[in-house]
Amino acid sequence: MGKKKKSKIEFRYYRMPEETPFLALLGEKWVQNYGRDVDYLHFHNYLEIGYCYDGTGSLILGDKDYRFSGEQFSIIPQNYLHTTNSDPGTVSKWEYLFIDVDAILNQFYQGGGIKRKGNISYRINCQACFKSAAESPKIAGLICDIMDVIRGKKEYYLEEAKAGIAKLLFNIARERNVDNLPENLPGKETAPIVQALDYISVHYMEQIDIEELAAYCHISQSHFRRIFSAYTGMCPLDYINLVRIQTACDYLKRTDDYISDIANKCGFTTFSTFSRNFKRIVGVSPNEWRKRPENYEQQLLKFRIHSEKGW
């Protein structure tokens with residue numbers, strides 16, 4: 001019997017603009033045929049809000065497949081597998097917001113209210129959803145208003161957009177019924193991995209022990225390694241190094257810091273380990289990459305992860 005064909009999973013990593021806890025993908029670039037030979041599942045490092053204005057196709061959230069046909073929106077937590085595919089021969093118009101939920105909520109809970117902030121963050125990130133504007137007109141209206149504000153770029157638009165996003169997040173949290181979660185939540189097996197991915201995204205610059213990471217997820221180390229590899233297609237250490245190298249690329253692009261200092265900031269204890277991992281992932285040395293920052297989007301926003309179902 002031949003070897004089982006591998007399916008692709010893609011980690012699409014976004015870095016927020018300086019001092020702005022959101023990233024908007026708007027305009028004609030996002031009027032396209034989605035899929036186009038790139039129909040594999042992927043996940044992001046931030047909450048994704050998508051609004052579909054027109055077109056037909058399917059939106060896959062975890063193991064659920066939804067039909068879209070316009071005037072609908074999706075709310076997809078970070079590290080949640082999903083993909084969008086337009087029907088063959090058609091184009092669809094979507095626009096997107098990527099949101100750093102913690103950064104937004106920190107504005108309201110600095111120095112206190114940690115438990116309340118955690119409850120709100122959990123409600124926002126506990127499930128993915130796909131609804132029509134008619135089903136949830138208030139949420140749909142808030143999303144469209146925020147996008148219009150960002151698109152208009154009038155004076156103080158960033159502050160207005162930030163305030164609008166906070167209002168949107170509180171309304172999303174209010175609509176969640178955490179006592180009756182839907183079936184499209186990540187399964188029991190994948191929930192600890194999502195928890196681990198969240199932890200790594202915050203603590204990548206520290207020394208992360210895999211045994212301690214497994215304990216943080218309340219499972220054994222051997223079981224943790226098995227389901228982590230099944231979910232991401234790579235071992236935990238390789239994933240941690242991937243996040244560190246992605247962050248290093250951002251430092252190389254926007255600062256004049258010494259490369260050795262950047263390596264240290266990103267969690268590498270020795271420069272040789274940093275250089276070896278950088279070249280393995282990016283394909284060139286840190287110094288060579290710094291001279292070619294125009295490759296940033298192509299090299300960093302789409303890191304391909306290969307996984308085989310059933311591992």
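1. The chain holds 12 helices and 12 strands, where helices (H or I, at least four residues) and strands (E, at least two) are DSSP runs numbered from the N terminus. This is a predicted model, in which local features need pLDDT of at least 70, side-chain atom pairs count only at pLDDT 80 or more, and totals for chains, interfaces and linings use all residues. Residues are numbered from 1 along each chain as its sequence is written, and side-chain values use heavy atoms, with hydrogens and water left out.

2. Of the 311 residues in the chain, 48% are buried (under 20% relative accessible area, with a 1.4 Å probe and protein chains only). The accessible surface of the chain comes to about 16200 Å², and carbon and sulfur atoms account for 50% of that area (Shrake-Rupley method, 1.4 Å probe). Among contacts (heavy atoms within 4.5 Å) between residues at least 6 apart in sequence, 75% join residues at least 24 apart.

3. Helix α8 (residues 236-254) packs on helix α10 (residues 271-282) at about 90°, the axes being 10 Å apart. Axes are lines fitted to C-alpha atoms, for helices over the stretch in contact, and angles run from 0 to 180 degrees between N-to-C directions. The angle therefore makes α8 roughly perpendicular to α10 (65 to 115 degrees). From α8 the contact takes Asp-238, Asn-241, Leu-242, Ile-245, Ala-248, Cys-249 and Leu-252; from α10 it takes Phe-274, Asn-277, Phe-278, Arg-280, Ile-281 and Val-282. By class, the residues of this contact are 9 nonpolar, 2 polar and 2 charged (nonpolar: Ala, Val, Leu, Ile, Met, Phe, Trp, Tyr, Cys and Pro; charged: Asp, Glu, Lys and Arg; polar: the others, Gly among them).

4. Phe-268 lies in the loop between α9 (259-265) and α10. Its relative accessibility is 5%, so Phe-268 counts as buried. Leaving aside neighbours within four places in sequence, Phe-268 is in contact with Asn-241, Arg-244, Ile-245, Ala-263, Thr-273, Phe-274 and Asn-277. Asn-241 and Ile-245 of α8, and Phe-274 and Asn-277 of α10, also take part in the contact between those helices. The C-alpha atoms of Phe-268 and Tyr-204 are separated by 9.6 Å, with the two residues 64 apart along the chain.

5. Helix α2 (residues 114-125) and helix α4 (residues 157-175) pack at about 80° with axes 8 Å apart, which means that α2 is roughly perpendicular to α4. Here Ile-120, Arg-123 and Ile-124 of α2 meet Leu-169, Phe-170, Ile-172 and Ala-173 of α4. The residues of this contact comprise 6 nonpolar, no polar and 1 charged.

Note on methods:
Angles under 35 degrees count as roughly parallel, over 145 as roughly antiparallel, 65 to 115 as roughly perpendicular and the rest as oblique. Buried means under 20% relative accessible area, exposed over 50%, partly exposed in between (1.4 Å probe, protein chains only).
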